[in-house]
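Me: Could you take me through how the helices in this model hold on to one another? I'd like a close look at the aromatic side chains and at one helix-to-helix packing.

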Amino acid sequence: TTGKAQQTARGGLQAIALAYVRFALEHPEEYRVMFGSEVAASPAEEGSARQEVFALLRGGIAALQQQALVREGDASTMALSAWSLVHGLAMLALDGQLSGAQMPSADTLTLEATELLMFGMATPTRTR
């Protein structure tokens, strides 16, 4: 069905976000070198990783736009917004800011945050 296809397409972006945060938590030193402000052993490798992540996100968003699952607009800006959100979650998790009894898991936070990004925080408008 169309609804299932939409869920699968949007779910692909959430899967990328989950993989990104999980990679950061499983490989914190490598993640900080690849995406942090520290200078990597090879600046070309560091830039390549960043470019690949950005290209993957931008391409995914552009594909969703072609399917009318994401609104029209600059796919690069949308990709940067999505990456900022996920990178911020990863850094907060690495810095121990997401721990505590009341805090959901990093996976749960990633899924909820990406859902908010895709669908917004505003109350849906009601028809009268």
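**Rings and helix packing**

Reply: Going along the sequence, the pattern of the chain is α-α-α-α-α. That's five helices and zero strands, where helices (H or I, at least four residues) and strands (E, at least two) are DSSP runs numbered from the N terminus. Keep in mind that this is a predicted model, in which local features need pLDDT of at least 70 and side-chain atom pairs count only at pLDDT 80 or more, while totals for chains, interfaces and linings use all residues. Numbering starts from 1 along each chain as its sequence is written, and side-chain values use heavy atoms, with hydrogens and water left out.

For the overall picture, 28% of the 128 residues of the chain count as buried (buried is under 20% relative accessible area, exposed is over 50%, partly exposed is in between, with a 1.4 Å probe and protein chains only). Of the contacts in the chain with a separation of 6 or more, 56% are between residues 24 or more positions apart; a contact means heavy atoms within 4.5 Å.

Now the rings. Phe, Tyr and Trp rings (for Trp, the six-membered one) pair if their centres lie within 6.5 Å, and planes under 30 degrees apart are stacked, over 60 edge-to-face, the rest tilted. That rule gives two aromatic pairs. One of them joins Y20 and Y31 edge-to-face, at 5.5 Å centre to centre with 85° between the planes. Y20 sits in helix α1 (residues 2–26) and Y31 in helix α2 (residues 28–35), so this pair ties together parts that are eleven residues apart in sequence. Y20 is buried at 10% relative accessibility, and Y31 is buried too, at 0%.

The F54 and W83 rings have their centres 6.3 Å apart and their planes at 40°, so this pair counts as tilted. F54 belongs to helix α3 (residues 43–66) and W83 to helix α4 (residues 75–94), so parts that are 29 residues apart in sequence are tied together here. F54 is partly exposed at 25% relative accessibility, whereas W83 is buried at 15%.

Y31 and W83 turn up again where α2 meets α4. These two helices pack at an angle of about 140°, with their axes 12 Å apart (axes are lines fitted to C-alpha atoms, for helices over the stretch in contact, and angles run from 0 to 180 degrees between N-to-C directions). That makes α2 oblique to α4, since under 35 degrees is roughly parallel, over 145 roughly antiparallel, 65 to 115 roughly perpendicular and the rest oblique. On the α2 side the contact is made by P28, Y31, R32 and F35, and on the α4 side by W83, H87, A90, M91 and L94. Sorted by type, these residues are seven nonpolar, one polar and one charged (Ala, Val, Leu, Ile, Met, Phe, Trp, Tyr, Cys and Pro are nonpolar, Asp, Glu, Lys and Arg charged, the others, Gly among them, polar).

Q14, in helix α1, is buried at 16% relative accessible area. Beyond its neighbours within four places in sequence, Q14 contacts L111, T114, E115 and M118. E115 lies in helix α5 (residues 106–119) and is partly exposed at 46%. Q14 and E115 are 101 residues apart in sequence and 8.0 Å apart in space, C-alpha to C-alpha.
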